[in-house]
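Thanks for coming. I have one structure to go through today, and I will keep it short. Please have a look at the model before I start.

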Amino acid sequence: MFDQFDPADDKMLQVIDNNGKVVNREWMPKLTDDELVKLYKEMLFVRTLDFMIVSYQRQGRLYTYPPNYGQEAIGVAAGAVMRHDDWLVPAFRELGAYLAKGVTMNEIFMFNMGFEDGMRFTGANHVLPFSVPIASQLLHAAGIGYAVKYQKKDEVTFTFVGDGGTSEGDFHEALNFAGVWKVPVIFVVQNNQYAISVPVKMQTASVNMAVKSKAYGIKGLKVDGNDIFALLAAFRSAHEYARTESQAVLIEAVTYRKGAHTTSDDPTKYRTSEEEKEWDLKDPLRRMKLFMEKKKLWSDAEEERITEEYRKEIDRQFVETEKSVQYPLEDVFKYMYAEMPQDLRDQQIEHEKFLQWKNARR
Amino acid sequence: MKAMNIVNAINDALDIKLAEDKNVVVYGEDAGFEGGVFRVTEGLQKKYGVERVFDSPLAESGIAGTAVGMAAAGLRPVIEMQFCGFIYPAFNQIISHITRFHNRSRGRYRMPIVIRLPYGGGINALEHHSESMESLFAHIPGLKVVVPSTPHDAKGLLISAIESDDPVLFMEPKRIYRAIKQEVSEEKFSVPIGKAKVLSQGTDVTVVAYGAMIREVQKAMVMAKEAGYSVELIDLRTIYPLDKETITASIKKTGRIIFVGEEPRSFGVGSEIMALANDEAFLHLEAPPKRVAAFDVIVPYPRGEHHYMISPEKIFYEIERTVKF
């Protein structure tokens, strides 16, 4: 696959077109009808959850949130390929992958409500916390790659970054370390065309992002990031290659952030509605749905029914989370160190004395 | 027992931990094959193999960032930054991840990482090879900062640092790497992090120092003794967490406190010692607490460095002024 779609020629792997028609039979993953439905439902769930979180934010019930709208296929496809022991080193816009690895909605809600407790990821194996300093997490993935190779474990690491992140030094250091060390790490660039307001053409003079792999002596692939089948094929190939050859891979998934960068952003300021409409035709759910409808595996009625079901369940869990969260003072201190210094303990005690005084005044 | 300098002692501590714990890996620029530019890791690659003691690509952020992933996956990386002046590309990984992962993941991912950092001036080196920036790091929540001044403490503190489940910045006073030899046990032993040591008992004034400055203070103490002043010398050994108890007890005893450090004076470790004297021993003070530290300037190039470095005479001068206040 890597030779067939050489990023130096700016080739892009695509399996279905905008109308859901298979245009590349060779790379169409073999999926049963049940698997197809499951995959679509996962994307639909992510989209529904994402919309709901944005609406909770608009209602003032949680803080800033980075919407996944338009990019759902990437996280879902990665999640479908990752095994229990594989590692996920996230940025912050890969909702489908978190859920697939066992991160709960409750944790996502808590995180965006402003509780570090949301990053406990209690039921998720090998998932690192979200990483906000752009591209810095890619080095963690390279380090995990080194560790699993040293420990002779069969574990592949998936890590994510945006198109803007490819300008950071850590992006290049991570690819370089992973290339030199020959470690099984899959670096995924979600090229959603914008780093907040800055268009991708202002990030790089390269013909695409995937071609940067060449400089580090690793394989690279540009894939249609709104094409769930192309993504599945790409991630499966990359996973197999990384695992068996102990090598790193750079995958550029070309997509479009239909929503805002975060709920604090207003994309109408920096892009046109014509551009947005053009990308609407490439929407990942729309394309898969057209494919499914042709196979009589899906219908609008079904979509409405399931979406309503999802909405009810999401809201039930959200309300439950809202009721249960708390942030005791001790949590501010207790996780700073594995072994807490006395001085920090004293700072807590000092503050508690103030609180006692304050309460006594009432 | 064996006669060791600080370089030998650090090498010995690494040797012991590499032998004992398969999760320990050692890497950095030139740290593998050559054994580091100061030869601190010499012989370890040959003994433990290239998978455990190795040269990394030349990228400090990469070295620190990959250590985060290794630690998350169960290793205990000991990474080397070649010089204090070269650590800044790694600053983001240190302040944004190494020191935050434990808190961010609510205790799920520990960061048992040791960052070895040769620091300090007085070696006639180029720019970026002489600085002493401990305060930058002591200010970061989530980090522990250690500075030995003797071969014995270098070995014992490094063993503690590698065994610590928290990240430790292990600062090595390169000016005295080979200046002192001491009989050090070849067995495994540890020196606790967070405990200062009273090196000399005295009654007139407390001097707090660490690293390469200890020797300079000791030279000043010879002059002080001749002048009839009794100096109590405390070797901090750990900057954070600060051993407030030992320092406070000493200030209460002598009533006078001088900090000696080669870092820029303002907003430094010395400032913290001054605040401690104020907070905990205010009514015991017989003289204003004093800082003898470097100017707030970039370390001058070798021909000008003598203007900058703290001399024993200067320390004695401040001892006398404080005692006679």
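I begin with the core. This is a predicted model, and its largest nonpolar core has 201 residues. The members that touch the most other members are Ala77(A), Ala142(A), Phe187(A), Leu231(A) and Ile251(A). Which element gives the largest share of this core? That is helix H7 of chain A, residues 228-245, with eleven residues.

Take Ala77(A) as an example. Leaving aside residues up to four places away in sequence, Ala77(A) touches Ile228(A), Leu231(A), Leu232(A) and Phe235(A).

Now chain A as a whole. It has twelve helices and seven strands. Of its 362 residues, 47% count as buried. If you take the contacts in chain A between residues at least 6 apart in sequence, 75% of them join residues at least 24 apart. Along the principal axes, the C-alpha atoms of chain A fill a box of roughly 75 × 50 × 40 Å. The radius of gyration of chain A is 22 Å, which agrees with a compact globule, because a globule with 362 residues would have a value near 21 Å.

Next, the contact between the chains. Here 35 residues of chain B are in contact with 32 residues of chain A. On the chain B side, helix H3 (60-72), helix H4 (91-98) and helix H5 (101-104) each supply at least two residues. Which of the elements gives the most to that side? H3(B) does, with nine residues. By type, the chain B residues that touch chain A divide into eleven nonpolar, 16 polar and eight charged.

Last, a sheet in chain B. It is an open sheet of five strands, in the order E9-E11-E10-E13-E14, and its pairing is mixed. Strand E9 (197-200) and strand E14 (290-294) of chain B are the edge strands, so to speak the two ends of the order, each pairing on one side only. On average, neighbouring strands of this sheet are turned by 25° against each other, with direction ignored.

Within that sheet, strand E10 (residues 205-209) and strand E13 (residues 257-264) of chain B pair in the parallel sense over three bridges. One partner pair is Thr206(B) with Ile257(B), the latter in E13(B). Helix H12 of chain B, residues 312-323, packs on the sheet and touches E10, strand E11 (231-235), E13 and E14 of chain B. The direction of H12(B) makes about 165° with that of E14(B).

That is what I have; questions are welcome.

Technical notes. Residues numbered from 1 in each chain as written. Chains lettered and ligands numbered in written order. Predicted model: local features only at pLDDT ≥ 70, side-chain atom pairs only at ≥ 80, totals over all residues. Pairing = 2+ DSSP bridges. Helix = DSSP H or I, 4+ residues; strand = E, 2+ residues; numbered from the N terminus. Axes fitted to C-alpha atoms, helices over the stretch in contact; angles between N-to-C directions. Contact = placed C-beta atoms within 7 Å. Rg over C-alpha atoms; globule rule 2.2 N^0.38 Å. Buried ≥ 20, exposed ≤ 12 C-beta atoms within 10 Å, placed from the backbone. Nonpolar A, V, L, I, M, F, W, Y, C, P; charged D, E, K, R; others polar. Core = buried A, V, L, I, M, F, W, Y, C linked by C-beta atoms within 7 Å.
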